[in-house]
Amino acid sequence: ARLRCDEDDDLQAPPRPPPPTLFLPPGIQHGLRRPTTPSAAPVYIGMAIDKVQKAEDAWNTRDSAKVAMAYSQDSEWRNRSQFVTGRKEIQDFLSDKWNKELDYKLQKMYWCHSENRIAVRFAYEYRNKKGEWFRAHGNENWEFDDLGYMTRREASINDVPILESERVISVEGPPQTKDNTRWN
């Protein structure tokens, strides 16, 4: 399948149902599936960009239970050199992460997609318990099932030590850089 990237905005997308209003896939309420749910795989650019924004919004809540609900029961993750499988492990992993990465603020950017996969680049800033600040840059590859749950997440991340005065992602309100642009 051909990758559809940023420059393909002029492609005509087939008619699709509107994207979900919550981070949860359509038809999923409180973890219950409705069997008539149509495919939620991100097959066109609007849905892919919407999924990236909803993921950013959810991760910035730092609510590990909420974030974990977007992943399939048997979802597989590679996060740096750590491997995690299933919602429970994902929730535990995220709880541990956000207990160590304080004042965490994330920005995600759509890179490209193909069929049921999305590639994302991201940056986030945080401080550790010693008060040392970091900016993490990375790339994620996501794969979804027909219900819109993420079944696979591969993340490569690099941390760069920064001074607090070098922070560019706003901690208050929606993530944005101090000059109202996205990071480079």
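Trainee: Which element gives the most to the lining of the second largest cavity?

Mentor: Strand S6 does, with three residues. A cavity is a set of points on a 1 Å grid over the protein atoms alone where a 1.4 Å probe fits but cannot get out, and lining residues have an atom within 4 Å of a point. Strands (E, at least two residues) and helices (H or I, at least four) are DSSP runs, numbered from the N terminus. This is a predicted model, where local features need pLDDT of at least 70 and side-chain atom pairs 80 or more, while totals for chains, interfaces and linings use all residues. Numbering starts from 1 along each chain as its sequence is written, and side-chain values use heavy atoms, without hydrogens or water.

Trainee: What is the volume of that cavity, and which residues line it?

Mentor: The second largest cavity has a volume of about 50 Å³, a volume being the space filled by probe spheres set on the points. Its lining includes Trp59, Asn79, Lys97, Tyr104, Leu106 and Lys108, as well as Phe122, Tyr124, Glu140, Arg153 and Ile157. S6, S7 and S9 each supply at least two of the lining residues. Across the whole structure, the search finds two cavities of 30 Å³ or more.

Trainee: What is the volume of the largest pocket, and which residues lie nearest its centre?

Mentor: A pocket is an open set of points with protein on both sides within 12 Å along at least five of seven lines. The largest pocket has a volume of about 280 Å³. Its lining holds 15 residues, with Gln82, Phe93, Asp96, Lys97 and Lys100 nearest the centre. Helix H3 (87–100) supplies at least two lining residues, as do strands S5 (82–85) and S7 (117–127), and H3 gives the most, six. Lys97 also lines the second largest cavity.

Trainee: And which residues lie closest to the centre of the second largest pocket?

Mentor: That pocket holds about 170 Å³ of space. Of its 14 lining residues, Ser114, Arg117, Ile118, Asn141 and Trp142 are the closest to its centre. Two or more lining residues come from each of S6 (102–114), S7, S8 (133–144) and S9 (150–162).
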